[in-house]
Amino acid sequence: MTLISNHMPTAELQALDAAHHMHPFTAGAELAKKGARVITRADGVFLTDSDGERILDGMAGLWCVNVGYGRKELAEVAARQMSELPYYNTFFQTTHVPAIALASKLAELCPGDLNHVFFAGSGSEANDTNLRMVRHYWAAKGHPEKNIVISRKNAYHGSTLGGASLGGMGGMHAQGGLPIPNIHHINQPNWWSEGGDMSPEEFGLARARELEQAINELGEHRVAAFIAEPIQGAGGVIVPPSTYWPEIQRICDAYDILLIADEVICGFGRTGNWFGSQTYDIRPDIITIAKGLSSGYQPIGGSVVSDEVASVIDNAGDFNHGYTYSGHPVAAAVALENLRLLEEEKIVETAATEIAPYLHEQWKQLEDHPLIGEAKIVGLMGSVAMTPHKESRAAFASPVGTVGYRARERCFANNLVMRHVGDRMIICPPLVITRAEVDELMARAVKSLDETYAGLKADGLLVPAS
Ligand SMILES: *Cc1c(COP(=O)(O)O)cnc(C)c1O
């Protein structure tokens with residue numbers, strides 16, 4: 001049975017969308033010719049489109065719908081909160097129950113002494129907060145010149161001026177005059193593409209040591225912080241070699257700089273623990289949260305900061321920063337209920353102990369597919385690198401992303417949402433995915449990869465870059 005609510009025919013919706021709606025990260029004119037797929041409803045791990053097709057969402061929306069779609073509890077909490085107190089701010093010596101309850105719950109869940117939350121409306125905003133906060137922190141301690149933040153190429157930290165500058169996406173920096181000053185980018189731990197003849201372990205160490213080199217070149221007295229995602233998400237689910245994070249933590253301990261872990265994707269159960277920092281045994285001074293915090297049911301993000309950082313900021317007069325919707329009561333209430341579901345229904349635990357091992361076994365088998373070089377997966381986030389020549393880990397001769405786009409189109413045609421980043425394919429399904437649904441995901445993924453491979457062969461595109 002398919003449920004289609006009463007709406008205009010798909011073609012009319014697409015025409016209006018093309019005429020009036022500008023899409024993020026999209027070539028508008030190209031999409032207008034083709035027509036966007038109209039999603040009308042969703043339940044569990046499945047989306048339904050305006051033609052009644054059921055699509056398996058292998059990406060949990062944009063890495064965020066951790067509890068899956070259609071949880072009535074979250075809708076009910078939102079409705080109740082809207083009737084009781086739809087909005088109030090926390091700027092001028094006021095507060096409200098949802099912000100208090102969510103902040104204290106986060107203090108309980110977050111590792112170490114990350115006990116203080118500054119709320120934002122999104123991950124990008126939270127990283128803007130982090131940038132201003134770490135600079136303000138060092139200025140308050142008498143070191144205003146300690147204002148450079150080190151980040152990494154191919155990192156994703158959001159789309160605001162600050163977030164995109166912290167990020168290391170070349171395509172984003174090429175538009176609109178980015179990055180802003182005093183952001184320094186080092187290389188990423190992407191062994192498959194950049195590891196050359198080194199073993200993954202040697203390469204992980206070498207890439208981590210670029211942080212130490214950068215600190216020494218810039219001067220420790222100039223560096224405020226290092227920011228990184230435990231696992232790069234939008235960069236292509238780049239799982240760092242095992243040697244990488246221990247060495248980064250050693251360097252952060254040896255020098256007087258702050259460590260910011262961007263947990264926007266890795267947080268809230270994605271990597272098999274509540275936070276990616278726990279999976280990699282790292283001790284950040286600040287973490288960025290968003291996405292899974294509300295499972296995407298409401299826009300909310302935040303910065304969770306250590307006792308020490310909070311104490312310096314709190315004792316330095318007004319922190320001249322905030323968003324109208326910082327700690328929005330409806331978003332906060334929904335996030336709190338989402339955390340309750342994740343915890344009480346043991347969603348984080350079940351995903352880690354029951355589903356992840358089952359999915360990993362099948363995902364790793366993709367390395368036997370003729371198109372796949374490496375298959376990486378941690379918790380419920382995974383990627384495969386496609387290659388025309390496995391032994392040399394060669395890229396394709398065609399422009400980067402050509403093959404990825406073709407594979408994504410095959411997935412879409414087979415009613416599976418799997419995203420491509422360059423010529424890597426990635427998955428990040430809702431944490432509530434069942435074993436039967438994992439089987440379905442894998443069946444559709446393999447079918448799509450088979451079709452992609454056949455298409456590349458037919459079109460003479462299985463050619464390594466020289
Ligand atoms: C998505 C993302 C952001 C940005 O969050 P928005 O809510 O889109 O602003 C920041 N960091 C990481 C690691 C992300 O994946």
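## Exercises on a predicted fold

Asn338 sits in helix α14, which covers residues 329–344; helices here are DSSP runs of H or I of at least four residues, strands are runs of E of at least two, and both are numbered from the N terminus. Before you start, note that this is a predicted model, in which local features need pLDDT of at least 70, side-chain atom pairs count only at pLDDT 80 or more, and totals for chains, interfaces and linings use all residues. Residues are numbered from 1 along each chain as its sequence is written, and side-chain values use heavy atoms, with hydrogens and water left out.

**Exercise 1.** Work out whether Asn338 is buried or exposed, and list what Asn338 touches.

*Solution.* 
- Step one is the cut-off: buried means under 20% relative accessible area, exposed over 50%, and partly exposed in between, with a 1.4 Å probe and protein chains only.
- Asn338 has 0% relative accessibility, so it counts as buried.
- Next come the contacts, meaning heavy atoms within 4.5 Å.
- Leaving out residues up to four places away in sequence, Asn338 touches Val67, Leu74, Gly292, Leu293, Ser294 and Ser295.

**Exercise 2.** Find the residues that touch the most other members of the largest nonpolar core, then follow the contacts of Trp363.

*Solution.* 
- A nonpolar core is a set of buried Ala, Val, Leu, Ile, Met, Phe, Trp, Tyr and Cys residues joined through side-chain atoms within 4.5 Å.
- The largest one has 63 residues, and those touching the most other members are Leu102, Phe268, Leu293, Leu339, Leu342, Trp363 and Met386.
- Helix α14 gives the most to this core, with nine residues.
- At least three residues come from each of domain 1 (37–70 + 346–458) and domain 2 (73–344); these bounds come from an automatic or database domain assignment.
- Setting aside neighbours within four places in sequence, Trp363 contacts Ala375, Lys376, Ile377, Gly382, Ser383, Val384, Met418, Met425, Ile427 and Met442.
- Apart from this core lies another, of 43 residues, including Cys64, Met172, Leu178 and Ile265.

**Exercise 3.** Describe the four-stranded sheet and the pairing of β14 within it.

*Solution.* 
- This open sheet has the order β11-β12-β15-β14, with antiparallel pairing.
- Its edge strands are β11 (372–378) and β14 (419–421), each pairing on one side only.
- Three bridges join β14 to the antiparallel strand β15 (residues 424–427), where Ile426 is the bridge partner of Arg419.

**Exercise 4.** Compare the span of α10 with the expected one, and say what covers its buried residues.

*Solution.* 
- Expected span is 1.5 Å times one less than the number of residues.
- Helix α10 (residues 200–218) has 19 residues and reaches 27 Å from first to last C-alpha, close to the 27 Å expected.
- Among its buried residues are Phe203, Arg207, Leu211 and Ile215.
- Their cover includes β5 (148–152), β6 (183–186), α9 (191–194), β7 (223–228) and α11 (244–254).
- After α10 comes Gly219, with a positive phi near 100 degrees.

**Exercise 5.** Look up the backbone at Gln93, Arg393 and Pro179.

*Solution.* 
- Most residues other than glycine have a negative phi, and most peptide bonds are trans.
- Gln93 has a positive phi near 65 degrees; it lies in the loop between α4 (72–84) and α5 (97–109) and is exposed at 84% relative accessible area.
- Arg393 has a positive phi near 50 degrees; it lies in the loop between β12 (381–386) and α16 (402–413) and is buried at 18%.
- The peptide bond from Leu178 to Pro179 is cis, with omega near -5 degrees, and Pro179 is in the loop between α8 (170–173) and β6.

Methods: Two strands pair if DSSP finds at least two bridges between them.
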